[in-house]
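Subject: Structure for your files

Hello,

Here is the structure I said I would pass on. My notes follow it.

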Amino acid sequence: MVNHLYDGLFQPLVGKQTPFLILSDGDVWSHDRFIRLAAQYAHTLNAMNVTVGDRLAVQINKSPEALAVYAACVQAGVIFLPLNTAYTADEVSYFVENSGASLMLCASKSFESLHPICDGLSVRLETLDGASEGSFHEASLDKDDVFDPVERGPDDLAAFLYTSGTTGRSKGAMLSHDNLLSNSQALVEQWEFTSDDVLLHQLPIFHTHGLFVATNVVLLSGCSMRFCAGFDVDALIRDMPKATALMGVPTFYTRLLADDRFGRDVTKSMRLFISGSAPLLAETHRAFEDRTGHRILERYGMTETNMNTSNPYNGDRRAGTVGMPLPGVELKVTDPETGVVLPQGEIGVIEVRGPNVFKGYWQMPEKTAAELRKDGFFITGDLGFQDEDGYITIVGRGKDLIISGGYNIYPKEIESLLDDQPNILETAVVGVPHPDFGETVVAVVVPRSDETVIISDLQDVVKEKLARFKHPQHYEIMTELPRNTMGKVQKNILREQFFDMFQST
Ligand code: MLC
Ligand code: AMP
């Protein structure tokens, strides 16, 4: 039976005693141990009546077990829907309802808060924690450790990753078996991964970067990864001499540079440092090379498209650029108003087409049509230009988006929540530079006339509803928002006003 993604990523690893996951406590998972657990989980899904085309929502901590759920979904034809562990119960409830998930897996500690939500939506809720704990794992103990993968073709769906929008609520990006497989093939080739590599894995596994870039590349090349529960600079410095590659967001690199222990000795065995998900400052790129002798390789992607461009592995890795389109990816820069292709060197919206581009937004045909052209080009909303050597530089975003430490934050979501408060007339949320996270959130609030706004009250509302990384780091009360003659709020003026606010911290 053909299962496009399983056959590409997992089948070649069946029975292999080679190391796959090296955990911080020294435990090592072989490929074989991982594949067997994934098969047991696939049977467990079926036993819970979760089958082909059903959605499985998961909000669980990073662990080998969590990765095995992904592998189980692929072979059972179940659509994998990972959720940020920072999301509040309120945020999770939207994703579960919108996706029509039939089962949700959560960490034991979240069971109490999520149970009423799942109950209300008639969604079964089971628990799964690391160290092989939780009701889902217990249910798998008596299951066979071999599973016959169900038939799935290249265009069948493998995962939903939710991504916010500049208006309204999050959209489920539908990713197919071939979206994921073709992209990991291009990346393994481009970055020359082999079974000898050891990747330092400290990213979360609920987003594209840690899951579909890092993990899929490791699976496809048959190499191993030092799998750390989260970012830990001490572990990075300790483990780096035993590793060959690192993938991280720019915050990883600025934090490494801030540590005096980090230098040439620590990086001697490394062959590749990759950065993405947010802009890497050219000064970080240069400081990194000065300190270590390594040039960071920057690449560019997004939830809807996986990876689009990469600096060359062999060749000039240019600071401030995201390199060239990957093999198989077509890229054009167009006029945001007309969609007409612009002359080389001019700044416009980046559009991409290729086997990496998603299948559309789940049950949102209008939103899909607005961003995914009939001819297959996806309008990224990123602004950039291509130079005469083919390198792409991203100069900004056409979309109202803040990227903090690699996490996307849509101002609209915070503004809507604050605007709903009875004493608030209107708000504007902007991103400003931050030395650690790249950007951070500032909320400007205009009270209704004769009303008083207490900032701690706003913080309480935000805390209850939104994940921690979305919380404004500063609130400013103003009597009115700056507007242009058309009445549009001038966020650029606000950004300028608060530009230096966090620079010296
Ligand atoms: C943590 N906090 C954040 C934050 N991460 N706040 C804003 N932005 C973030 N990104 C909060 C914590 O809750 C904590 O709050 C406080 O900030 C300090 O936390 P910390 O201990 O310093 O954070 P840490 O756990 O070290 O995490 C920082 C980080 C992490 C940068 C390592 O955010 C991270 O792993 N980011 C990667 C995100 C990612 O994978 N993006 C890829 C998306 S895919 P308090 O209240 O406790 O003090 C994509 C496509 C592509 O974009 O191209 O790849
Ligand atoms: P996400 O929706 O989380 O997948 O975030 C995708 C967005 O992150 C892109 O549209 C870009 O705006 C941004 N991004 C990803 N990689 C880079 C990069 N190397 N440089 C600048 N921005 C990036």
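Apart from neighbours within four places in sequence, A38 is in contact with A68, A71, A72 and Q75. This is a predicted model. A38 belongs to helix α2, and with a relative accessibility of 1% it falls under the 20% limit and counts as buried.

On the α2 side the residues involved are F34, L37, A38, A39, Y41, A42, L45 and N46. They meet P64, E65, L67, A68, V69, A71, A72, C73, Q75 and A76 of α3. By class, this contact comprises 15 nonpolar, two polar and one charged residues.

G77 is in the loop that runs between α3 and β4 (79-82). Its relative accessible area is 2%, which means that G77 is buried. Not counting residues up to four places away in sequence, G77 touches T51, V52, G53, V150 and R152. K463 is 386 residues from G77 along the chain, and their C-alpha atoms are 36 Å apart.

Another helix to look at is α13, residues 411-419, where P411, I414, E415, L417 and L418 are buried. These residues span an arc of only 165° around the axis, and therefore sit on the same side of α13.

Finally, two backbone points to check. E192 has a positive phi, near 55°, although the residue is not glycine. E192 is in the loop between α7 (177-191) and β9 (198-201), and at 38% relative accessibility it counts as partly exposed. D450, also a residue other than glycine, has a positive phi near 70°. The loop that holds D450 lies between β23 (438-447) and α14 (455-465). With a relative accessible area of 82%, D450 is exposed.

Regards

Note on methods: Residues numbered from 1 in each chain as written. Chains lettered and ligands numbered in written order. Predicted model: local features only at pLDDT ≥ 70, side-chain atom pairs only at ≥ 80, totals over all residues. Heavy atoms only, no water. Contact = heavy atoms within 4.5 Å. Helix = DSSP H or I, 4+ residues; strand = E, 2+ residues; numbered from the N terminus. Nonpolar A, V, L, I, M, F, W, Y, C, P; charged D, E, K, R; others polar. Buried < 20%, exposed > 50% of the residue type's maximum accessible area, 1.4 Å probe, protein only. Arc of directions from axis to C-beta.
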